[in-house]
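Subject: Structure for your files, with notes

Hello,

The sequence and structure are below. My notes follow them, grouped by region.

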Amino acid sequence: MARLKQASVRNRLLAAMSPDDFALLQPALEPVQLELRQHVFRAGETISHLLFPESGLVSIVADIEEGRFEVGMAGWEGLIGVPLVLGVDVTPHTALIQSPGDGYRAPAEQMHLLLEKSASLRSLLLRYVHTFLVQVSQTAYANAGYSVEARLARWILMNHDRVESDELAITHEFMAIMLGTRRPGVTLALQNLEGSQLIRATRGRILIRNRAALEELAGDAYGFAEREYTNVLQLPIRRGQ
Amino acid sequence: MCSSCRSEEVSDIPGRYFMNLRYRHKYYADHEGDELSSEGAVRAHALSTAKDLIRFHRTDIVRDWFDCTLEVTNEAGKIVATVPFGDVVAEL
């Protein structure tokens, strides 16, 4: 494989790290395809790699007896394997590819050594971990205080921030899993958003028509975590920033 | 089985069943469906769906879930079960 250049990477964390840290990490990175609905890691199993998505989207989901629901997501703005950054290699959560894409991954053992070796690399990734925790906290806040319509609007916006298109390829069933509800509830909410001309929903696809109105509907459930990401990492995340 | 639940000739053939939602005069069609082992499993699945919606699904649209009904159709578009959300209470 040709030597990976920092100028050519799209992952925000890889691009934002110092050239010295990138040079340290680069030999450990290998390209990887992210296939729809494949698992990056499963609950209770050892996390073998730290993944830096270049495109696509990965959901961190909690599996419980009554079903599974999303607790967080990451794409090109972040990494998959937060527990590894914190020195933990097994987690009760599962990382599921929600939207296909590609990325670079580094073996857990090498990441462990590199994080010990470079304080600046460790600091950057820990700052990302903080923003991810804020995102997860906001998911809890949204679940506790907001209707499914507002949560769906937030979820669509978070997807929109992490893909290059205005169109999302997603089934109602998958959205129901992500939002911790049942499919008829998602159908109801989507038709409501479509009736207000915020989106256009066809089978398996959502076209975003009015992002500003989606932000208004999502209220405080959206924006808080995104501002924190930008403040802490000095990187944009919201579309249009 | 409740009086409001319609289930005629029950088929044992596995298939895809669509959980369409009727709320007052509005109808929300399900285009994806669920794979179920038989028509006999439809009612239990519809009741479980309704129960989860009542328990966890806070919506701006439906004022009262008990005004809702799941109208389950098979792949041929035939209604195989009509399950009012009130039946969740009847099953408790």
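V72(B) has A81(B) as its bridge partner in β5(B). The strands concerned are β4 (residues 68-73) and β5 (residues 79-84) of chain B, which run antiparallel and are joined by 5 bridges. Strands are DSSP runs of E with at least two residues, helices are runs of H or I with at least four residues, and both are numbered from the N terminus. Two strands pair if DSSP finds at least two bridges between them. The β4(B)-β5(B) hairpin has 5 residues between its strands, and G77(B) takes a positive phi near 85 degrees there.

This is a predicted model, in which local features need pLDDT of at least 70 and side-chain atom pairs count only at pLDDT 80 or more, while totals for chains, interfaces and linings use all residues. Residues are numbered from 1 along each chain as its sequence is written, and chains are lettered from A and ligands numbered from 1 in the order in which they are written.

Contact between the chains

Chain A puts 18 residues into the contact and chain B puts in 16. Two residues are in contact if their C-beta atoms, placed from the backbone, lie within 7 Å. On the chain B side that touches chain A, β1 (15-23) and α1 (42-56) of chain B each supply at least two residues. α1(B) gives the most to that side, with 4 residues. By class, the side of chain B that touches chain A has 7 nonpolar, 4 polar and 5 charged residues. Here Ala, Val, Leu, Ile, Met, Phe, Trp, Tyr, Cys and Pro count as nonpolar, Asp, Glu, Lys and Arg as charged, and the others, Gly among them, as polar.

Domains of chain A

Chain A is divided into domain 1 (6-119) and domain 2 (142-233), with bounds that come from an automatic or database domain assignment. Taken over C-alpha atoms, the centres of these two domains of chain A are separated by 23 Å. Their contact takes 11 residues from domain 1 of chain A and 9 residues from domain 2 of chain A. On the domain 1 side, β4 (57-64) and β5 (67-74) of chain A each supply at least two residues, and β5(A) gives the most, with 4 residues. The domain 1 side of this contact divides into 5 nonpolar, 3 polar and 3 charged residues.

Sheet β1-β7-β3 of chain A

β1, β7 and β3 of chain A form, in that order, an open sheet of 3 strands with antiparallel pairing. β1 (30-34) and β3 (49-53) of chain A stand at the edges with a single partner strand each, so one side of each has no neighbour in the sheet. The twist averages 40 degrees from one strand to the next. Between β1(A) and β7 (residues 101-107) of chain A, which run antiparallel, there are 5 bridges; E30(A) has R105(A) as its bridge partner in β7(A). Helix α4 (residues 108-117) of chain A lies across β3 and β7 of chain A, at about 70 degrees to β7(A). Axes are lines fitted to C-alpha atoms, for helices over the stretch in contact, and angles run from 0 to 180 degrees between N-to-C directions.

Sheet β8-β10-β9 of chain A

Another open sheet of 3 strands has the order β8-β10-β9 (chain A), with antiparallel pairing. Its edges are β8 (167-169) and β9 (199-202) of chain A, each with a single partner strand, so one side of each is left without a neighbour in the sheet. β8(A) and β10 (residues 205-208) of chain A run antiparallel and are joined by 3 bridges, with L168(A) opposite I206(A) in β10(A). α6(A) lies across β8, β9 and β10 of chain A, running at about 80 degrees to β10(A).

Helix pairs of chain A

α6 (residues 148-162) and α9 (residues 211-218) of chain A pack at about 135 degrees, with their axes 8 Å apart. α6(A) and α9(A) are therefore oblique to each other; angles under 35 degrees count as roughly parallel, over 145 as roughly antiparallel, 65 to 115 as roughly perpendicular and the rest as oblique. The contact of α6(A) with α9(A) has 7 nonpolar, 1 polar and 4 charged residues.

α7 (residues 172-179) and α8 (residues 183-195) of chain A pack at an angle of about 100 degrees, with their axes 8 Å apart, and are therefore roughly perpendicular to each other. H172(A), E173(A), M175(A), A176(A) and L179(A) of α7(A) meet R183(A), G185(A), V186(A) and T187(A) of α8(A).

Regards
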